[in-house]
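The structure is shown first, and the description follows.

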Amino acid sequence: MFEIRVICDPADTDRITAALSGVFTAGAVRRYPTRDGERTRLYVTADHRPEPGPWPTPDEAYALASSITREIGWTAQTAADKPFGEHLGREFWLRKAALLDRIALRAEEDGTPGDAAEVATAAARRLIEHDREGEGDYHGDPYWPEHPATAADPRGYVRQEYAHWTKNQ
């Protein structure tokens, strides 16, 4: 456990507090004005986050998944039914990324990967982007969207989120 002290502009305190909480297991942030009263001192007791476990395997992640054919139908229908100007929600991006990951896994298994892995990785990155900018409705355990392991293995993040989603829907 250790203590962190930050001196910053008062307008930056919420952003800094959120960043510290994203990197460390942090206690309550204590705020005090600096002597000149123009900046804020932040004090927080923190500890390193424990090392997260491994990503779910494809078998674990997709154990409860519908068939690939059914997911293709759902994805196509959802995209087609979307009213013009409205955004597709997280469920769409999650299911699309999982579908493309499953197709890529099958192509890799068959020895005919083509560009399926690239397409699946691009869809995974789109989900991660949505989760970073979204309402915080992702599972994020053990890896949250901003975690370096997520950037290193976007398809692993999709499996983690899909496994949680299928168990809890």
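## The strand pairing

Two strands count as paired if DSSP finds at least two bridges between them. In this predicted model, Pro-33 has Thr-40 of strand 3 as its bridge partner. That bridge belongs to the pairing of strand 2 with strand 3, which is antiparallel and runs over 8 bridges. The two strands form a hairpin with 6 residues between them, and Gly-37 in the turn has a positive phi of about 75°.

Strand 3 (residues 40-48) also pairs with strand 1, again in the antiparallel sense, over 7 bridges. Within strand 3, Thr-40 stands opposite Cys-8. Helix 1 (residues 13-23) packs on the sheet and touches strand 1, strand 2 and strand 3. The direction of helix 1 makes about 155° with that of strand 2.

The 3 strands form an open sheet with antiparallel pairing, in the order 1-3-2. Strand 1 (2-8) and strand 2 (24-33) are the edge strands, each pairing on one side only. From one strand to the next, the twist averages 20°.

On the helix 4 side, the residues making the contact include Trp-93, Leu-94, Ala-97, Leu-100 and Ala-104. On the helix 5 side, they include Ala-116, Val-119, Ala-120, Ala-123 and Leu-127.

## Leu-100 in helix 4

Leu-100 lies in helix 4. Is Leu-100 buried or exposed? Its relative accessibility is 19%, and the cut-off for buried is under 20%, so Leu-100 counts as buried. Apart from its neighbours within four places in sequence, Leu-100 is in contact with Val-119, Ala-120 and Ala-123. Between Leu-100 and Phe-24, the separation is 76 residues in sequence and 33 Å in space, C-alpha to C-alpha.

## Salt bridges

The structure holds 11 salt bridges. One of them joins the side chains of Asp-137 and Arg-90, at 3.9 Å from N to O. Asp-137 lies in the loop between helix 5 (116-133) and helix 6 (148-152), whereas Arg-90 lies in helix 4 (residues 90-110), so the pair ties together parts that are 47 residues apart in sequence. Asp-137 is partly exposed, with a relative accessible area of 44%, while Arg-90 is buried, with a relative accessible area of 10%.

A second pair joins Arg-159 to Asp-101, with the closest N and O atoms 2.8 Å apart. Arg-159 is in helix 7 (residues 154-168) and Asp-101 is in helix 4, so this pair ties together parts that are 58 residues apart in sequence. Arg-159 and Asp-101 are both buried.

## A further pair and a network

Which residue meets Glu-108 in a salt bridge? The partner is Arg-155, and the N to O distance is 3.3 Å. This pair links distant parts of the chain, with Arg-155 in helix 7 and Glu-108 in helix 4, 47 residues apart. Arg-155 is buried, with a relative accessible area of 9%; Glu-108 is partly exposed, with a relative accessible area of 39%. Salt bridges that share partners also join Arg-90, Asp-131, Asp-137 and Glu-161 into one network.

Notes:
Residues numbered from 1 in each chain as written. Predicted model: local features only at pLDDT ≥ 70, side-chain atom pairs only at ≥ 80, totals over all residues. Heavy atoms only, no water. Salt bridge = Lys/Arg side-chain N within 4 Å of Asp/Glu carboxyl O. Helix = DSSP H or I, 4+ residues; strand = E, 2+ residues; numbered from the N terminus. Buried < 20%, exposed > 50% of the residue type's maximum accessible area, 1.4 Å probe, protein only. Axes fitted to C-alpha atoms, helices over the stretch in contact; angles between N-to-C directions. Contact = heavy atoms within 4.5 Å.
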